[in-house]
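These entries record what I looked up in the structure shown below. I kept them in the order in which I worked.

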Amino acid sequence: MSLLRNVARGLRSLFRKERVDRELDEEMGAYLEMAAAEKMKDGLSHKEALRAVRLEQGTLEVTKEIVRSGGWEFVVDTLWRDLLFAFRLLRKNPGSTAAVVVALALGMGLNTTVFSFVNALLLRPPRGVKAPEQLREVWIHNPRSSGAEAYLPMTYPDYFYYRDHNQSFEGMLAYDFDPHLVIWNKSDEGQTVLGQLVSGNFFSLLGVNAVLGRTISAEDDQTANPQPVVVLGYAFWRRYFGSDSTIVGKTLTLNGANYGVIGVAPAGFTGLLVGFEPDFWAPTAMVEQITRDKGRLSNWRVHWLIAIGRLKTEASTSGARAEASVLEHQIDMDHPDLKRNLDATVFPATLIPAPLRVYVSAFTALLMAAFGFVLLIACANVASFLLARSTRRTREMAVRAALGAGRGRVIQQMLVESTLLSSLAGLLGLILAYWTAPLLLALKPASLPITLRLPIDWRVLVFTVIVSLICGVVFGLTPALRSASVSVVANLKDETQPAGFRQSRLRSLLMTGEIATCTVLLICGTLCVRSLRNASSINPGFNTQHVIAATLDPGSLGYSDTQVRTFYEQLSEHVRTLPGVTATSFTDHLPLGPAREHTILDPMQPKSNKNDAIPIDILRVAPDYFQTMGISLLRGRDFISSEGAEGSAVTIINEALAKRLWKNQDPVGQRMTFWAGPGKKSSTEVIGVVPTGKYRTLGEAPVPVVYLPQLRARRTLVVRTSGDPTTLLDSIRREIHSVDPNIAPTDLETMQQYMSLPLFPARTTGLLLGVSGFLALALTTIGLFGVISYIVSQRTHEIGVRVALGAQRTDVLNLIIRHGLLLTVIGLVIGLGIAFGAGHLLSSLLYGIAPTDPATFIAVAIVLCAVVFLACYIPARRAISVDPLVALRYE
Amino acid sequence: MSDKPSDLVQGTLDMLILKTLALEPTHGYGISVRIEQMSKGVFRLNAGSLFLAIQRLERDGLIEGEWKPTENNRRAKYYALTHKGRKRLDNETREWGRQVAAIARILEAS
């Protein structure tokens with residue numbers, strides 16, 4: 001009640017200020033008159049009485065001000081007036097205001113962009129899900145391993161055990177960790193679509209209802225009798241079925257089998273994985289049919305399901321974690337044959353599976369740090385700008401103090417000004433982020449089936465507001481405190497005040513810090529850009545210019561071995577006759593991609609060598625692969641097509657392996673043995689040697705590799721072209737379709753496009769850190785230029801005196817430049833030291849360049865010195881070109 | 001020393017104003033005169049702190065103001081205690097009595 005009244009009164013004073021003022025006036029006037037009337041009883045005249053009262057009580061205006069300042073509305077009122085004043089002040093210097101705001105906005109905009117990235121990946125809860133904060137991921141954990149590889153998803157039997165034995169969760173759902181690229185067989189063509197397999201309680205536990213039809217139910221997902229049904233994604237339904245409202249009950253042919261459409265998911269619901277928008281959902285129990293992997297449902301060794309529980313209101317995460325550990329232990333006890341010895345743990349569920357969060361956080365933290373430093377430099381600029389201005393305004397502050405403004409009021413005024421600046425910058429930064437965020441996404445390789453949105457939602461807004469306010473206070477506080485401690489008398493007496501020693505020391509400190517930060521960023525940026533150039537020029541060991549790759553999987557349609565072989569033979573013939581194609585071949589998977597097959601060499605064979613088991617990567621290739629990929633045969637011969645049959649024991653190895661096994665011997669004709677499966681050894685004869693390439697990452701040390709001629713149903717077609725490969729992409733797609741209209745390539749791209757995947761980390765860091773380094777340099781230059789210009793303008797008088805007294809122009813020039821260079825050298829030394837110490841943080845991202853590369857350090861130092869020299873030289877030139885007479889008269 | 005007006009104990013001004021108004025509604029000047037009279041000149045109010053306190057009490061709903069003509073034909077705002085104000089005065093008087101008695105006991109103990 002009384003609070004309401006208080007607010008109402010305050011509002012009345014704010015908006016009906018004149019009336020309230022008049023009433024206060026009248027009340028005080030009455031008081032004055034009555035007090036005077038009392039005095040007149042003692043025989044004073046009216047005038048004398050009024051004077052006596054004023055002497056006793058102080059002037060009416062001050063009293064009124066005291067009364068006014070009692071209400072909360074007073075603070076609002078003064079803030080408003082400070083704001084108006086600050087606006088006027090900024091409008092008076094549009095040039096410098098714009099410079100400061102733009103510099104800050106660049107810093108803030110980039111930070112907002114990176115934050116919108118963090119937000120989309122780590123903070124946003126899944127859309128369209130009921131109470132997502134109650135969801136917890138359950139992961140099996142291998143205590144003997146570390147990093148993301150220590151965490152395993154669940155096997156199908158695992159999931160059932162956890163689901164039925166836990167007490168912490170209201171319910172537990174599961175979904176497939178890997179997106180399934182499935183061929184949708186339309187009447188005359190195949191198209192790849194993304195599917196996700198989900199448990200029967202997936203939709204009900206998430207509280208997601210179908211917009212049309214129904215969602216997948218527990219009855220659909222029975223292990224013994226799974227139903228071939230799908231729920232369509234909303235976007236997919238709209239795009240390919242034109243929002244057909246009669247879709248429920250129709251049939252889709254996926255990988256050659258029929259599925260009945262039972263419903264459509266609501267708009268905006270895309271499951272629980274970031275960047276992955278399924279076209280359809282199907283029951284997990286259908287996995288054997290979709291992947292043609294028999295026995296998956298009873299397999300205790302294939303880990304493929306992410307399990308998510310909805311925590312009961314009375315349960316805690318730590319309780320659930322302890323329970324998961326116990327359940328895992330029970331599985332180990334019940335199945336001693338598995339020899340698992342694993343543990344289990346629980347994490348809050350977000351759009352990125354828990355084990356991968358560390359990597360995403362580390363990457364975004366690096367970006368945040370880099371752009372945070374850019375922002376810091378921008379803040380230092382603004383702080384020195386405001387400091388310079390506060391020196392010019394000492395008189396204004398002295399007048400304010402003399403008129404009774406308290407210390408708090410002056411600080412408030414200055415902080416309002418600085419936060420106004422930073423808020424304007426924040427606003428501009430948001431607009432900037434809106435434009436730059438999609439650019440960040442453009443770095444993503446097109447081949448990744450990831451759709452990421454970087455919306456500017458309330459979290460991003462709150463972030464920007466907080467950053468703006470913090471910046472405003474951080475760079476405004478020093479000048480504000482400085483202004484508040486102005487000595488009234490000295491400033492009102494004196495016309496000009498020389499820039500105080502303390503103040504210029506503070507500014508010098510700011511500049512030094514700025515240069516040190518700039519040095520660090522510039523070095524990191526240069527290292528990353530050079531590393532990107534190195535990475536782009538790393539020879540991956542195959543031709544990236546004139547090759548096209550297309551991934552095909554007729555096996556997923558249930559084709560027999562003969563059908564698969566016929567398909568590939570026909571396809572090969574068709575493609576080979578295309579004009580511009582010089583060679584074609586097949587491989588199991590391309591190097592530098594996500595797929596890998598590896599084993600170890602049997603240490604007993606060959607006898608001639610050391611007894612260590614050598615881990616090797618296996619690549620399966622058809623004849624002509626080396627020719628197509630532009631890999632030369634160093635020794636021996638290529639495979640022939642008859643060797644593709646199961647049981648033929650020939651292999652081609654790379655140089656790295658040849659050197660380890662037979663240092664001084666000809667490897668061709670030698671035999672070796674490797675493990676081809678649990679308890680299964682395979683002995684083969686080496687028929688050829690090829691040069692070592694890059695197989696896992698571009699930066700790797702030489703990896704020993706064996707090439708085998710046996711291929712499986714899933715293959716990648718590689719095509720060598722004589723001219724620009726992009727012109728052939730469409731004709732290859734047409735050929736695939738004409739050979740078998742049911743088959744569609746899951747990836748069809750040129751090798752150049754394919755290489756954007758392994759180059760992704762280098763490109764992202766190179767671009768972003770390069771940009772941050774460049775921005776840092778630009779901002780530091782502007783800041784330094786401004787400060788030196790200001791110092792020079794303050795010292796015009798002094799310079800005039802020096803020149804009048806016969807100082808040489810070069811002396812004056814030296815004087816000014818020496819100051820700037822001294823700051824630079826100190827900052828540079830500090831910055832180089834930090835960069836030297838912190839460089840190893842970058843080392844995992846760098847290709848072919850040491851984090852302490854001396855050339856980079858020296859180049860950055862030289863560039864920075866040159867830029868600083870210019871930033872000092874230009875204002876210094878201006879100073880000495882001033883006529884001493886003018887300078888002396890200047891005041 | 002004892003002749004000079006002394007400063008009010010922190011927080012007691014509100015109570016004194018409420019007490020004054022409990023006797024009879026009056027205007028700002030009336031309050032200050034009455035407090036001075038009743039305290040026999042020990043407390044002399046400054047206009048600034050008086051009106052600040054009045055504004056605060058009015059906002060809290062403890063007193064109510066009304067414009068009325070004065071004896072010498074000016075307009076002044078007369079303040080009266082509200083029901084809530086009377087309750088607050090009773091509470092504070094009781095609390096004050098307790099505290100004074102306690103302080104007195106402590107001081108007499110030595």
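**Entry 1: domains of chain A.** I began with the separation of two domains: the C-alpha centres of domain 1 and domain 2 of chain A are 76 Å apart. The model is a predicted one, and I read every value below as computed from it. I then looked up the bounds: chain A is divided into domain 1 (2-70), domain 2 (132-350), domain 3 (358-537 + 760-889) and domain 4 (547-754).

**Entry 2: A:Leu212.** Is A:Leu212 buried or exposed? I found that A:Leu212 counts as buried, because 20 C-beta neighbours lie inside 10 Å; the cut-off for a buried residue is 20 or more. I located A:Leu212 in strand β6 (residues 212-213) of chain A. Leaving aside residues up to four places away in sequence, I listed the contacts of A:Leu212 as A:Ser245, A:Ile247, A:Val248, A:Gly263 and A:Val264. I also checked A:Leu212 against A:Val346: 134 residues separate the two in sequence, and their C-alpha atoms are 34 Å apart in space.

**Entry 3: a four-stranded sheet in chain A.** I traced an open sheet of four strands in chain A, with antiparallel pairing and the order β14-β22-β13-β23. Why is one side of β14 (581-587) and of β23 (747-750) of chain A left without a neighbour in the sheet? Both strands stand at the edges and each has a single partner strand, so one side of each has no neighbour there. From one strand to the next, the twist averages 15°.

I next examined one pairing within this sheet. Strand β13 (residues 547-552) of chain A is joined to β23(A) by four bridges in the antiparallel sense. Opposite A:Ile548 I found A:Thr750, in β23(A).

Two helices were then looked up against the strands. Helix α18 (residues 561-576) of chain A packs on the sheet and touches β14 and β22 (715-721) of chain A; its direction makes about 160° with that of β14(A). Helix α21 (residues 729-739) of chain A lies across β13, β22 and β23 of chain A, and I recorded its direction as about 30° to β13(A).

**Entry 4: chain B.** I counted four helices and three strands in chain B. Read from the N terminus, its elements follow the order α-β-α-α-β-β-α. Of the 110 residues of chain B, 25% count as buried. I also looked at contacts in chain B between residues at least 6 apart in sequence: 51% of them join residues at least 24 apart.

The three strands of the sheet in chain B are ordered β1-β3-β2, in an open sheet with antiparallel pairing. I noted β1 (26-27) and β2 (63-69) of chain B as the edge strands, each pairing on one side only. β1(B) and β3(B) run antiparallel and are joined by two bridges. Which residue of β3(B) is the bridge partner of B:His27? I found B:Tyr78 in that position.

**Entry 5: the contact of the chains.**

Technical notes
Residues are numbered from 1 along each chain as its sequence is written. Chains are lettered from A and ligands numbered from 1 in the order in which they are written. This is a predicted model: local features need pLDDT of at least 70, side-chain atom pairs count only at pLDDT 80 or more; totals for chains, interfaces and linings use all residues. A residue is buried if 20 or more other C-beta atoms lie within 10 Å of its own, exposed if 12 or fewer, and partly exposed in between; C-beta atoms are placed from the backbone. Two residues are in contact if their C-beta atoms, placed from the backbone, lie within 7 Å. Two strands pair if DSSP finds at least two bridges between them. Axes are lines fitted to C-alpha atoms, for helices over the stretch in contact, and angles run from 0 to 180 degrees between N-to-C directions. Domain bounds come from an automatic or database domain assignment.
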